[in-house]
Amino acid sequence: MDNTATDRFDTSRFEASRNRLASLAYRLLGSATDAQDAVQDTFLQWQAADRQRIKVPEAWLTKVATNLCLDRLRSARARRERTAGAWLPEPLLDGDPMLGPADTFEQRESVSLAVLTLMERLSPIERAVYVLREAFSYHHAEIAEILDITESASQQHLHRARRRITAARRGGGEVDPAAARRIVEEFLAAASSGRTERLVALLTDDATAISDGAGLAKKLLRYDTPQRIAAIARAGFTSTPAKQRLAGGISAVHYALVNGAPAILFVPDGKVVGAVTFDITDGKIATVRGIAAPARLTRLTDAWRQHEPDTPLIAQW
């Protein structure tokens, strides 16, 4: 082949791995924007490499992408953002290719907002081992090659990562989709009508709520009793002219699945301006997350505009 044909062939080999690399990078970084940047940097390194000497392109690309993500996690900027208490994973609409693979429970759980948040407790190397093993089923020998560590070290990192995530994880197993939707609809109805007692009854005794304050707060806002969560939900879900102006108009409120979890989306004129996600345990809501920082909703909005939504739960909010 001439050089042009070779470049086209090599580009097609990279494109065949793009979605998998993006999914890997998203799990490692918790940010779709950062994941896309890491994948682009991987492509630039692929273009600059002596590709004729690369025997297994998939393995080479995985190694480069993983280590680029580790560099980002270890950077001073990332440490500042993530330790300042103002960081939440970027939510993605179900069906987004960046969420795959999703064939097993472990793969689906590894991309949930709950586990992405818990992975912040891991060191970058523990996070990489956990993702490569749990989400992509790499053997320890392969992980050792990707991360330039020993197989024994890989096994130890995985053991520590699993122990830390298991100790902090709430609940277990997957929730029946119909039951999850019913619980979320009841929560929305109770919050919209101001029924505090019903809201409290829908929450676990140790429920927590986390909000990014629409990106305006320096730190995440946290509420840690059912009564406080009910009060803030009742206030937050009540529509007012001021909230409509802030949202950019009258919103439709839709039910959706975000990172595999039930969610409520506030959508004026096709733009998602707020996402509220729910973790459900034993038939009750254990965690509520409110994400409204515009920079965290860009990809979700793009996906929503290509999505055929159900009838909104509230047509005009």
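## Buried, exposed or in between

A residue is called buried when its relative accessible area is under 20%, exposed when it is over 50%, and partly exposed in between. Arginine 13 has a relative accessible area of 26%, so it falls in the partly exposed group. Keep those cut-offs handy for the rest of this tour, and remember that you're looking at a predicted model.

## Salt bridges

How many salt bridges does a search of the whole structure find? The count is 16. As a bit of background, side chains of opposite charge can pair when their charged atoms come close.

Let's go back to arginine 13. Its side chain meets that of aspartate 10 in a salt bridge, at 2.9 Å from N to O. Both residues sit in helix α1 (residues 3–29), and because they are 3 residues apart there, about one helical turn separates them. Aspartate 10, at 6% relative accessibility, counts as buried. The pair also belongs to a network of salt bridges that links Asp10, Arg13 and Arg51.

Next up are glutamate 120 and arginine 127, whose side chains meet in a salt bridge with an N to O distance of 2.4 Å. Glutamate 120 is partly exposed at 25% relative accessibility, while arginine 127 is buried, with a relative accessible area of 2%.

A further salt bridge joins aspartate 279 and arginine 289, with 2.9 Å between the closest N and O atoms. This one links distant parts of the chain: aspartate 279 is in strand β5 and arginine 289 is in strand β6 (residues 284–291), 10 residues apart. Are these two buried or exposed? Aspartate 279 and arginine 289 are both buried.

Most residues other than glycine have a negative phi, and most peptide bonds are trans. Here are some spots that go the other way.

The peptide bond from glycine 100 to proline 101 is cis, and its omega is near 0 degrees. You'll find proline 101 in the loop between α4 (76–83) and α5 (105–109).

Asparagine 259 isn't a glycine, yet its phi is positive, near 50 degrees. Look for asparagine 259 in the loop between β3 (252–258) and β4 (261–267). With 4% relative accessibility, asparagine 259 counts as buried.

Aspartate 269 isn't a glycine either, and it has a positive phi of about 55 degrees. Where does aspartate 269 lie? Its place is in the loop between β4 and β5 (274–281). A relative accessible area of 76% makes aspartate 269 exposed, whereas asparagine 259 is buried.

Terms used. Residues are numbered from 1 along each chain as its sequence is written. This is a predicted model: local features need pLDDT of at least 70, side-chain atom pairs count only at pLDDT 80 or more; totals for chains, interfaces and linings use all residues. Side-chain values use heavy atoms; hydrogens and water are left out. Helices (H or I, at least four residues) and strands (E, at least two) are DSSP runs, numbered from the N terminus. Buried means under 20% relative accessible area, exposed over 50%, partly exposed in between (1.4 Å probe, protein chains only). A salt bridge is a side-chain nitrogen of Lys or Arg within 4 Å of a carboxyl oxygen of Asp or Glu.
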